[in-house]
Structure formats: structure tokens, C-alpha cells
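The sequence and the structure are shown first, and the description follows.

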Amino acid sequence: MYTFAKLFSLALLLAVSLLPVAEANDRGDRIGPYTYIYVSDWSKLRHRAELGDPDALFRMGNLYYAPPEGSGISQSYRKAFLAFYEASLREHATSQHNVGAMYINGDYVAHDLIEGYAWMLVAAGNGDHAGKRKVKTYGPEISEEGRKRAQERGVAIKAMIEEANSRKVYKPESFGIR
């Protein structure tokens, strides 16, 4: 029995040592002297999101919003919204569009056309083409007063993003989002 345990441990150690090590690159796989070993693309993506990569946060948000069939990922509008929100604070324009869409659709957050339109204005201002289309689509549906409130809110959102970047604080919880 003792010999079996030693052989099993040796075999396990050998198998782990043969796992591929992710190549270090300029995107954060190497931090200091450490190189991370990833078991799956999901864990690599999650790790990059935890490091604050806006593209990884955006991809995580998309996977939580509409997980691929058979992926084993549970749909969670909450997790999607939080990922998009954090990426938005890191100036990811498409995530800003998605935050706006979630407000407009009432996914996880309360339906709020003005707040959603404000986020679309911010996304459009940052070059998001879908945001530009949505501004044209929803603009006529909102009253003049509502568009003015959305523009004011858009200025406040831009200020919040600037504050997040100047303080290097990006977690949605820091801005009252839970």
C-alpha cells in the first residue's frame, strides 16, 4: 500500500510537470518572477479579468450574459453587469454600451431609459459604433428634458470614469454598485 502511494504521487508529480506553461507576454501572464499555469481558457480569462484587463472583463461579461450552450457557465446578469461596469470604468467603450443596454433592458438593474441612454452617449463619445446607433435609435423616444438629463448624467459618468482612473479604483462596489 505504501509503495502504491509513492508510485501514485510520483506519477501525479510527473503528470503535473508535463502541463504546458502559458507563455509570458506583455498582457499580464508574467508578474514578477512567476509564470502562471492555466488549466483552461476559462481560468486564464478569469485570471486576466482579476488583474483588471478590460478586454477580459468584457469577454467575461459576455460569457455570463449569454453563456455558450454546453459550456457549464451559468447565466448571471449580475456578474455580467459587474464585469461590464468594471471594464467601463477602465474606458472600454463596448462595455459602456453594454452597461447602457442592461439599463435599457432592465437586465439585473432596474429599467432606466435615461441612465441607459447616458451610458450610450458615453460609449458613442468613446467611439463605440453600436452606441452611436443606439443614440440615434433611442434619442427620438426620449423627451427633450429626458435627453438633457441623460446628457448631464453622461457628464457625471465621464467624471466618475476619470476619478476611477486617477485613483486606480475600478471595482463597482467603490461606486455603490452591488
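## Overall organisation

Of the contacts in the chain between residues at least 6 apart in sequence, 47% join residues at least 24 apart. The model described here is predicted.

The chain contains eight helices and two strands. Read from the N terminus, its elements follow the order α-β-β-α-α-α-α-α-α-α. Of the 178 residues in the chain, 40% are buried. The chain exposes about 10800 Å², and carbon and sulfur atoms supply 56% of that area.

## The nonpolar core

The largest nonpolar core comprises 38 residues. Those with the most contacts inside this core are Phe81, Tyr85, Leu89, Val99, Tyr103, Trp119 and Ile157. Two or more residues are given to this core by each of H2, H3, H4, H5, helix H6 (113-125), helix H7 (129-138) and helix H8 (144-167).

Val99, one of the residues with the most contacts inside the core, illustrates how such contacts are made. When its neighbours within four places in sequence are left aside, Val99 is in contact with Phe81, Phe84, Tyr85, Ser88 and Trp119.

## Helix H3

Helix H3 spans residues 54-65 and has twelve residues. From its first C-alpha to its last, H3 reaches 16 Å, close to the 16 Å expected at 1.5 Å a residue. At the start of H3, the backbone nitrogen of Asp55 has a side-chain oxygen of Asp53 within 2.9 Å.

The buried residues of H3 are Ala56, Leu57, Phe58, Met60, Gly61 and Tyr64. The cover over these buried residues includes helix H2 (41-50), helix H4 (77-89) and helix H5 (93-105). As a general point, an α-helix has 3.6 residues a turn, so residues three or four places apart point the same way.

## Ala123 in helix H6

Ala123 lies in helix H6. This residue counts as buried because its relative accessibility is 0%, whereas the cut-off for burial is under 20%.

With neighbours within four places in sequence left aside, the contacts of Ala123 are Ala93, Gln96, His97 and Asp128. Ala123 and Gly100 are 23 residues apart along the chain, and their C-alpha atoms are separated by 8.5 Å.

Key. Residues numbered from 1 in each chain as written. Predicted model: local features only at pLDDT ≥ 70, side-chain atom pairs only at ≥ 80, totals over all residues. Heavy atoms only, no water. Helix = DSSP H or I, 4+ residues; strand = E, 2+ residues; numbered from the N terminus. Expected span 1.5 Å × (residues − 1). Buried < 20%, exposed > 50% of the residue type's maximum accessible area, 1.4 Å probe, protein only. Contact = heavy atoms within 4.5 Å. Polar contact = N/O pair within 3.5 Å; in protein donor to acceptor, adjacent residues only side chain to side chain. Core = buried A, V, L, I, M, F, W, Y, C linked by side-chain atoms within 4.5 Å. Areas by Shrake-Rupley, 256 points an atom, 1.4 Å probe, with all protein chains shown as cover.
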